[in-house]
Amino acid sequence: MKILKKTLIGLAIVFAVLLAAAFILPVVFKDDIKAAIDKEIEKNVNADVVFDVNNFSLSLFRNFPNVTVQIKQLGVFNRAPFEGTPLFVIERLEAEVNLKDVLFGDQLRLKGITMVEPQITIKVLADGRANYDITYPATEASPVTEAEPGSFSFGIDHWEIIDGEVIYDDASIPFYTSIAGLNHSGSGNFNEKAFDLKTKTTIESVSVQFDGVEYISKKQAEVNAVIGISEDYTLYTFKENLTRLNDFALSANGWFKMNPNDFGMDISFNSPENTFKSLLSLVPGVYTQDFGKIETKGDLAFSGFVKGTFSDTQMPAFNFNLKVDDAMFKYPDLPTAITNINMDLLVDNKSGVIENTLIDLKSLHLDFGTNPVDARMLIENLKDYRMDAHVKASLNLAELGKMFPMEGLSMAGLFSVNASAKGVYDSLKKIIPAVNAAMSLKDGYIKSSEFPLPLEKIQFASTIKNSSGKMAETFINVTDFGMIMDGEGFGGKLSLQNLDDYTWDLSAKGAIDLEKITKIFPLEGMTLAGKVKADIETKGKYSDVEASRYDKLPTSGSASLKDFKFTMKDLAYAVTIAQGEAVFDPKKIELKNTSGTIGKSDFAVSGAISNYIGYVFGNETIKGNVNFNSTLLDLNEFMTETEPTTTTTEESTLGVIPVPQNIDFILHSNIKTVKMMDFVISNATGDVIVKDGIANLNGVKFNLLGGAFTVAGTYNTKDINHPLYDFGLKIDNMSVQQAANSFSIVKTYAPIAGLVNGTFGTDFKISGELGQDMMPKMNTVNGSGLIKIAQAALTQSKLVSGITSITKLNDADNVTLKDVLMSATIKDGQLSVKPFDVKFGNYVTTVSGSTNLDGTINYGLKMNVPAGKLGAQFQGLVNQYTGSNNSTSEIPLNIGLGGSFTDPKVTLLAQEQKEQVKEAVTAAAQEKGKQAVQDLLAGEKPKDAINNLLNPKKDSTTKSAADSTKTDLKQDAQKALENKLQNLLKKKKN
């Protein structure tokens, strides 16, 4: 008893410890396990793995004695070139880890996985790059070393997927499949060298596309399989298995082997169920909730195999057999059955070469009520498609509604077809099978619930005949085509022959409502409306089109369009035509009374368009002479958009307006208002000649920013990345400030104009390159011409204040320009201005110089200033050497302007100033000389006259004749004056 008691106590203690550990261990080791996961991800995965640590948990009780690791809301997102594509997103991921490994081992063995609501998106680009390749590539330069064991090992023996979604999109094949509602479970001991993998899978919806063709559309699927796995997971042997697609069941036997460079296989399959109803479940639209109520009978046999090697250069052999005998089916709520269904189909390829595939539809027969359909087709290979086929049917379309449920669709009419084709198809040799076909429809009627107006009285009769197999001897005729929609009839006929040189004879007459047509035949991303009336006849040969012999293409007729409207998803504006009329012959189309809108812009067009046939068929140049009138033309809507080059939040900007290269038009324009970027142009008239990607403006006149413009020149977009312009501009009566604020060239080279009040005119030639924002590239600008300023004024400028400061002129701070004509050139990034006169206050000043592209300036000013305005010393100096005390004597000042317009550097040019004063004194001396000569002629002694000339301030008796010969007094006076001037200039600067 004591031993039993001790044993029970010991077991109780162990149980208590285990119970406590069950609560404590998840808390103690949670961070360790999370750290191990993060470490492995960072080391091995080149993707963004997103999960919240608070969504990470551990449990001992769910799968004891294994630890269950749970992560909620986990996501794996790709990096370039699959940015933003979720590779793997899951609501909940559970993994079972061996408890012993957690406590005592150095590796974590994964035992089981459960995925709840996973979303898996696998994408392969055309070049083979795949978004599932998220492991880091090995470094080529690194030596090959034996890999160290990771912190995890793979000992999984069971797994489960609940409500999953899978998309596989492989553009390299191209192949696409989507799976929704995936529920899957499996088990197997991957620690064994050979074991059985047991799986069970259900899929609510599966779709499969290959090369753009959908072969399976939203089918249900179920797969139960036992697959033997051996030979290091490379050999898969099919044991017990059953695959069901809708109601169609399929089982497989054989094996599949993954070799290093290819795949080997020997798999046979068959349908264990032999009812026609299982095959019927694969027909689109048939497998619905009421499928079980469909009455069917008939036998089915389906079998086949795939055997051989699959690699980049080889296909396995394959075979499919399908037979249906004496089948029928009938919907429970419909009165008529489809009966006598018989089919025998063989697809066979014995060599694995895809071109050697045989397709043999030996027979197909079914009766749609009392309307039989019979067909057969043999295609011997997929190289020259040698064939022998025939189909014959006669259908009462109204009876189809009694056999098939066609919700929202009503049809009527008698349709018949009888066609046969025999021979080969070789596009290089221009050989086709011999064809003899006839099709017709009488009293046709189609009405859809999506559009209340039916197509009525549809009828046509057509034949296709070719008895030789030569494309040139093909004859296609469509006669008596006609239909009525909403009381408006449309009819026509067509004769087409010689497929080597298409020869046609077509006539069409009637009216069509485009909006009604597009509701019957929808256009994705596009809407059309409007009524078209046409009466057209055309005939000709395609060889005449290619040779531009349009005179041999008699085409005539008329067409009108009313209340037309066109919108498209990727087009920012709508196009409307209120009305339009066209009369045409082979040479031209004459437009009459055509008006409409493009976005915000309106237009009215008349004139003639020629070579339209060559434009349509041969991409030749279309020509026209058209009158274009508009009250508003908003060019901003037509500008191309230039995307930002960096990943910022910038919006796209307006770009270059392209000029089509295959258009040769003369547009006689009269436009009341034009909007382009921030400019509003009014009263635009003149001719625009569009040809070879160049718009030539000829005498175009318009008003802009208060000025009157006349423009002649070219806008060239032959190279859309480097558009060019070459214009002659005449501008009258435009605001100087408006020009500076609006035109980048003025803003760059003459920013001071923004401070000038007044108007100007110009006759200027300018050329260069435009940027993608339609603004001039300043380093490419070249130009020359005259600028006329009638009257303008400049005040409160740093430039003006700098000049008045250095000259000490307190009445020169108002700069005026009147009737100024300046000559300017722009070349190599520099604006050069020839001398012109302005007034600083009342002082006439001559200005010349240049402005550089970097904003630096280099100007010279010559200002005539009365000596008295320059100070007493300057006036005394002039009086001393001129013998006059007249303060109004003018002295020219030379001033240099450097720096920039915003930070000008003003200096007096000393050397030039010396020369200017020297010239002034010389002129005064010459004036005194003239006076001396006059005095001499009046009776004064020559010696006295000379003394008076050289010594205007002294008596002639105080100077001896010997002193007068020592030096040239005139030169002494000039040197003394120069020294004095230098001192004055230094004082001025100080």
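Reader: In which strand does F263 lie?
Author: This is a predicted model: local features need pLDDT of at least 70, side-chain atom pairs count only at pLDDT 80 or more, and totals for chains, interfaces and linings use all residues. Numbering starts from 1 along each chain as its sequence is written, and side-chain values use heavy atoms, without hydrogens or water. Helices (H or I, at least four residues) and strands (E, at least two) are DSSP runs, numbered from the N terminus. The run of residues 263-270 holds F263, and that run is strand 12.

Reader: Is F263 buried or exposed, or in between?
Author: Buried means under 20% relative accessible area, exposed means over 50%, and partly exposed is in between, with a 1.4 Å probe and protein chains only. The relative accessible area of F263 is 32%. Because that value falls between the two limits, F263 is partly exposed.

Reader: What area does the nonpolar surface patch with F263 have?
Author: Patches take residues with over 30% relative accessible area and no salt bridge; like charges are joined within 9 Å, and nonpolar side chains (Val, Leu, Ile, Met, Phe, Trp, Tyr) within 5 Å. A salt bridge is a side-chain nitrogen of Lys or Arg within 4 Å of a carboxyl oxygen of Asp or Glu. Areas come from the Shrake-Rupley method with a 1.4 Å probe, and for residues only the protein chains shown count as cover. M258, F263, F310, M315 and I354 make this patch, with an area of about 400 Å².

Reader: Which residues form the negative surface patch?
Author: Asp and Glu count as negative and Lys and Arg as positive, while His and the chain ends are not counted. The charge is placed at CG of Asp, CD of Glu, NZ of Lys or CZ of Arg. The patch consists of E91, E117, D163, E165 and E204.

Reader: What is the relative accessibility of E91?
Author: E91 sits in strand 4, residues 86-98. E91 counts as partly exposed because its relative accessibility is 35%.

Reader: How much of the protein is buried?
Author: The protein contains 15 helices and 46 strands. It exposes about 56,300 Å², with carbon and sulfur atoms supplying 55% of that. Of its 990 residues, the buried share is 36%.

Reader: Which residues of helix 10 are buried?
Author: Helix 10 covers residues 798-807. The buried residues of helix 10 are L799, V800, G802, I803, T804 and T807.

Reader: What is omega for the peptide bond from I173 to P174?
Author: P174 lies in the loop between strand 6 (152-170) and strand 7 (175-187). The bond from I173 to P174 is cis, with omega near -5°.

Reader: And for the bond from A80 to P81, what is omega?
Author: P81 is in the loop between strand 3 (66-77) and strand 4. The bond from A80 to P81 is cis, with omega near 5°.

Reader: Is M774 buried or exposed?
Author: M774 is in the loop between strand 39 (756-769) and strand 40 (782-794). M774 is not a glycine, yet its phi is positive, about 65°. Because its relative accessibility is 10%, M774 counts as buried.

Reader: What is the phi of E231?
Author: E231 lies in the loop between strand 9 (213-230) and strand 10 (235-245). At a relative accessible area of 46%, E231 is partly exposed. E231 is not a glycine, but its phi is positive, about 50°.

Reader: How far apart are the C-alpha atoms of D360 and L378?
Author: D360 lies in strand 16, residues 358-368, and is buried at 16% relative accessibility. Contact means heavy atoms within 4.5 Å; leaving aside neighbours within four places in sequence, D360 contacts D344, L345, L346, M377 and L378. D360 and L378 are 18 residues apart along the chain, and their C-alpha atoms are separated by 4.5 Å.
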